[in-house]
Amino acid sequence: MSEQLLRVEDLSVHFALPTGFLGGHRPLKAVDGVSFTLAAGETLGIVGESGCGKSTLGRAILRLIEPTAGRVVWQGQPLGALAADALRGLRRDLQIVFQDPLAALDPRMTIGEIIAEPLVTHEPALGRAAIRARVEAIMAETGLLPQLINRYPHEFSGGQCQRVGIARAMILQPKLIVCDEPVSALDVSIQAQIVNLLMRLQASHGLAMLFISHDLAVVRHVSHRILVLYLGRLMELAECHDLLAAPRHPYTQALISAVPIPDPARERRKRRIVLTGELPSPLDPPSGCVFRTRCPHARPICAEQIPRIEPVRFGHSIACHRWQELPATPPAALA
Amino acid sequence: MSLALPDGSEQLLAIEGRSLWQDAWRRLLRNKAAIVAMILLAIIAAMAVLAPWLSPHPYDEIYWERIQAPPDFANQHWFGTDGNGRDLFVRTLYGARVSLMVGILATGVSLLIGVLYGATAGFLGGRIDSLMMRFVDFMYSMPFMFFVILLMVVFGRNIFLIFVALGAVEWLTMARIVRGQTLSVKRRDFIEAAHAAGVRKRKIITRHIIPNVLGPVIVYMTLTIPQVILTESFLSFLGLGVQEPLTSWGVLIAEGAQQMESAPWMLIFPASFLAVTLFCFNFLGDGLRDALDPKDR
Ligand code: SF4
């Protein structure tokens, strides 16, 4: 593996939800014991249904939310140990792109001011002309006409707003970008453009990227590796190709079987694994394996013990008691 | 909206966008009622400021030979005179001075306290927020008119006391509005984006939160001014307002109401000034609300 940028160790984010009026609290385990690493120039896709804690995970890594437990190590430095000022300084390397492109832009500011904000914050000595030149350069790179610099967000389409968001994230030449569902609020016709823009930027700048999405079809397109999350827990983590060709975890298998295949003949022959039941409330997750209420292979042990994260082989890990007994590919899936 | 530019035109000048403020201003200018209101308010304010130069009579000069005289152009008593033989036109304008000043200053006081208090509570959140807002709730439940009357009795009739008392009542609502707005703005993604960019808290408040909270505050401000004027009139009507020979619209109306039958001009002129002003502020406030309302966009 090339230079390791980010190491996430056993990260948990629990929210205390007040219950009733007696000041009691109930933990909501949004993220529970997630670990992974990320190398420079690599994209890790994080998939899971909505409410599985993937956005919380992204924010906890950037320390926009304080993690309850675990460590985030950035270039050998644990972020949790940093003072507020040092962390603020590090933020120039860590950026984020949001899901709702319009909501992420201050409606009272011009596009130019929005894109320049990180630059002005981290390089306060920069003159106006220099700022403007940098803003125009990044606008051009993200596919925005530099003439639009004095426009306001509400005059833009969703796709353009997302380009502005990306330009703002890119202006300091960060090392890591967390993309939180960057295309799911956009028109289907625009999604591909934005995904391609992100991939192009990543390739040309050697960015590390965390690509968070509920849409496996998009994630598989951009990611080198994929992490599957369910109710805040890591289910399976593998190279993109391995995960798609030979998913080991029952949940991953179900996710993959739900992705439509562009070939109608194969699509018809394919057997879907339909998940029964509702996604359990994260307030009241099932005991043992959190997936057991919907898992077609669940056994009594699944309710008793939390499955450990075990290596299938190098770079492929899984949290399931029965992975060794279960078939490697979903029956008649993508084959 | 089309953003396509004729390619090759090599247009180096940036296209100017229209900010939300400019948009709102434009919408306001399209609202005829609001424009008329603004013009009328400007005229009334100008008249109040220029009062000593608009009439040959001083506001406290008593003309013994013309007590309760009807409007009379020969002596330049355009609105007639009051029960003490003072020129009503000048007194109405001096009343405007006091009423408008009370309205604006008390609103200013409430704005200052309310915005600071509300934004602090909203931004800090949590326990501090709920403590601060419980205090507001507590104050709300107080019979304030009673307190104002008590204050007047204890400290005597003092115009500054009126400002302070009215401002102290009005800031409660302002604080609630600002806190609510701050809470909702604070949760929006662009605030998180600013955090992610490493912007300091103080900068986030001044650069992002305050400009986004300002719209509703301005609307509420234009609606507070007439409310304060009305409260002041009410206090004056009860005889707790400004000290003679100074006057306010409330005092004039109170005197006029007593002479309604014998000298109707004493009621009609100050009352119409008050009514027009209140209407104008309300129309302006409505116009501003429509203009600033994001749902219209
Ligand atoms: S541990 Fe049991 S319930 Fe969980 S995924 Fe594996 S087989 Fe299914």
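**Exercise 1. Find the order of the strands in the open sheet of chain A, and say which strands lie at its edges.**

Step 1. Let us start with the order: four strands make up an open sheet that reads β2-β1-β4-β5 in chain A, with antiparallel pairing. Helices (H or I, at least four residues) and strands (E, at least two) are DSSP runs, numbered from the N terminus. Two strands pair if DSSP finds at least two bridges between them.

Step 2. Now look for strands that pair on one side only: these edge strands are β2 (24-39) and β5 (77-78) of chain A.

Step 3. Strand β4 (residues 69-74) of chain A is joined to β5(A) by two bridges, and the two run antiparallel. Here A:V73 sits opposite A:P78 of β5(A).

A word on the model before we go on: it is predicted, so local features need pLDDT of at least 70 and side-chain atom pairs count only at pLDDT 80 or more, while totals for chains, interfaces and linings use all residues. Residues are numbered from 1 along each chain as its sequence is written, chains are lettered from A and ligands numbered from 1 in the order in which they are written, and side-chain values use heavy atoms, leaving out hydrogens and water.

**Exercise 2. Describe the two faces of strand β6 of chain A and name its partner strand.**

Step 1. In a regular strand the side chains alternate between the two faces of the sheet.

Step 2. Apply this to β6 (residues 94-97) of chain A: A:L94 and A:I96 lie on one side, A:Q95 and A:V97 on the other, and all are buried. Buried means under 20% relative accessible area, exposed over 50%, and partly exposed in between (1.4 Å probe, protein chains only).

Step 3. The partner is strand β7 (residues 176-180) of chain A, which pairs with β6(A) in the parallel sense over four bridges. Across from A:I96 you will find A:V178 in β7(A).

**Exercise 3. Sketch the overall make-up of chain B.**

Step 1. Count the elements: chain B has 11 helices and zero strands.

Step 2. Consider its extent. The C-alpha atoms of chain B fill a box of roughly 80 × 55 × 25 Å along the principal axes.

Step 3. Check the cover: of the 297 residues of chain B, 47% count as buried.

Step 4. Finish with contacts (heavy atoms within 4.5 Å). Among those in chain B between residues at least 6 apart in sequence, 69% join residues at least 24 apart.
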